[in-house]
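Good morning, colleagues. Please look at the sequence and the model while I speak.

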Amino acid sequence: MLLRLRSSASLAELEAVRALARELGYRARSVGERLDLLQLEGSDALVGGPDHPARFLDLSAVAEVLDRGAARELWQRAPGRAATVVEVAGVPIGGDGVVIIAGPCAVEDRERLLEVARGVRAAGAVLLRGGAYKPRSSPYSFQGLGEPGLALLAEARAETGLGIVTEVLDPRDVERVGLVADMYQVGARSMANFALLTELGRTQKPVLLKRGFAATVEELLGAAEYILAGGNEQVVLCERGVRSFDRVTRNLLDVGAIAHLAGATHLPILVDPSHAAGRADLVPRLARARPAAGAHGLVIEVHTAPEEAHSDGRQAIDLATLQQVVDDARALAELDGRVLVTRPTGHSSAHTRAPKRSCPS
Ligand code: PEP
Ligand code: MN
């Protein structure tokens with residue numbers, strides 16, 4: 001590991017750096033005449049904990065970690081490491097497959113949910129996503145049905161066989177939501193809820209982690225690290241657009257971030273064109289950015305009567321458009337040497353804990 005030290009650091013501050021290096025098993029040596037650089041060496045077996053760079057950075061003498069050496073964080077793609085494939089109710093996310101996850105923004109009522117679920121399945125999506133707990137900007141907006149909504153999701157799974165992706169907002173609800181969810185969603189507004197991330201790290205259930213709309217890529221990866229460091233390796237990242245100065249779309253789909261992540265991390269990455277666009281008419285085009293950027297699938301909002309939707313109606317596509325998006329994704333996946341993942345045969349029981357699989361990148 002290579003540290004850059006502040007030229008203003010006092011002798012006591014510099015000694016604190018050397019003391020931490022000793023404690024963690026590193027030998028510290030200066031680099032030539034450069035008093036501002038400190039090289040930390042040691043055998044990889046002893047040093048290189050994912051937490052080490054952050055611990056040095058916490059010290060006032062350390063300005064920057066110039067080279068992390070072997071101290072990789074858990075989200076990082078290491079040479080020779082297989083890409084992570086996260087299995088959700090029998091559906092593999094990551095690797096060479098392309099998955100389509102779709103559903104209404106919120107669970108609204110039984111008939112609507114079942115109608116959308118059947119349509120989503122018929123169109124070729126492999127997981128049903130819908131919120132029973134909704135993070136809304138106003139406390140007066142529809143907050144979701146809560147527990148009755150979870151029961152409706154369980155019913156939709158029983159009828160269609162589709163695994164369920166649904167949001168958990170509160171660390172106290174992790175267990176309750178986990179009784180129904182095959183995959184937890186952490187929404188953009190909760191990405192930096194570290195108590196929630198820590199709680200999810202204690203489970204062994206897949207997590208769809210959406211990027212906050214004002215979060216840097218580094219902050220997204222830091223959020224993923226909370227879950228991974230807790231022992232839950234089943235994390236899937238999702239780019240859903242960031243705030244920009246332009247109001248022509250609701251958010252700005254950060255295609256560059258997806259391309260960067262595809263190389264930087266072994267974790268699967270999904271694209272949510274619905275929240276990025278905020279407009280149903282742009283969703284099919286933005287969905288086509290997925291293969292270009294190198295993501296592993298799509299998360300799409302669908303409704304059978306968008307004008308009646310309780311939330312995000314303007315960005316909800318209808319079932320015919322979803323069919324077009326799925327057909328596009330299939331054709332583009334094949335061009336890319338990937339395959340569109342189809343629904344697992346037989347009813348996959350939601351609550352058999354899906355083991356994490358790995359396949360070569
Ligand atoms: C949602 O998925 O409906 C949602 C609220 O998304 P985001 O957290 O990305 O805003
Ligand atoms: Mn939504």
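This is a predicted model: local features need pLDDT of at least 70, side-chain atom pairs count only at pLDDT 80 or more; totals for chains, interfaces and linings use all residues.

**The ligand and its surroundings**

Residues are numbered from 1 along each chain as its sequence is written, chains are lettered from A and ligands numbered from 1 in the order in which they are written, and side-chain values use heavy atoms, with hydrogens and water left out.

For polar contacts, the cut-off is a pair of N or O atoms within 3.5 Å. An N or O atom in the side chain of Arg129 is 2.4 Å from an oxygen atom of ligand 1. For Arg240, a polar side-chain atom lies 2.6 Å from a ligand oxygen, and for Arg189 the distance from a side-chain N or O atom to an oxygen of the ligand is 2.8 Å. Taken alone, ligand 1 exposes 290 Å², of which the protein buries 97%; these areas come from the Shrake-Rupley method with a 1.4 Å probe.

I turn now to strand β9, residues 163-167. Strands are DSSP runs of E with at least two residues, helices are runs of H or I with at least four, and both are numbered from the N terminus. Is β9 mostly covered or open? It is mostly covered, with five of its five residues buried, where buried means under 20% relative accessible area (1.4 Å probe, protein chains only). Gly163, Val165 and Glu167 point one way from β9, and Ile164 and Thr166 the other way. In a regular strand the side chains alternate between the two faces of the sheet.

Two strands pair if DSSP finds at least two bridges between them. Strand β8, residues 127-129, runs parallel to β9 and is joined to it by three bridges, with Leu128 opposite Ile164. From β8 the chain passes through helix α4, residues 147-160, to β9 in a right-handed β-α-β crossover: with the strands pointing away from the viewer, the path from the first strand over the helix to the second runs clockwise. β9 also pairs in the parallel sense with strand β10, residues 183-186, over three bridges, and Thr166 stands opposite Tyr184 there.

Note on methods: Buried means under 20% relative accessible area, exposed over 50%, partly exposed in between (1.4 Å probe, protein chains only). A polar contact is a pair of N or O atoms within 3.5 Å; within protein, one must be able to donate a hydrogen and the other to accept it, and residues adjacent in sequence count only if both atoms are side-chain atoms.
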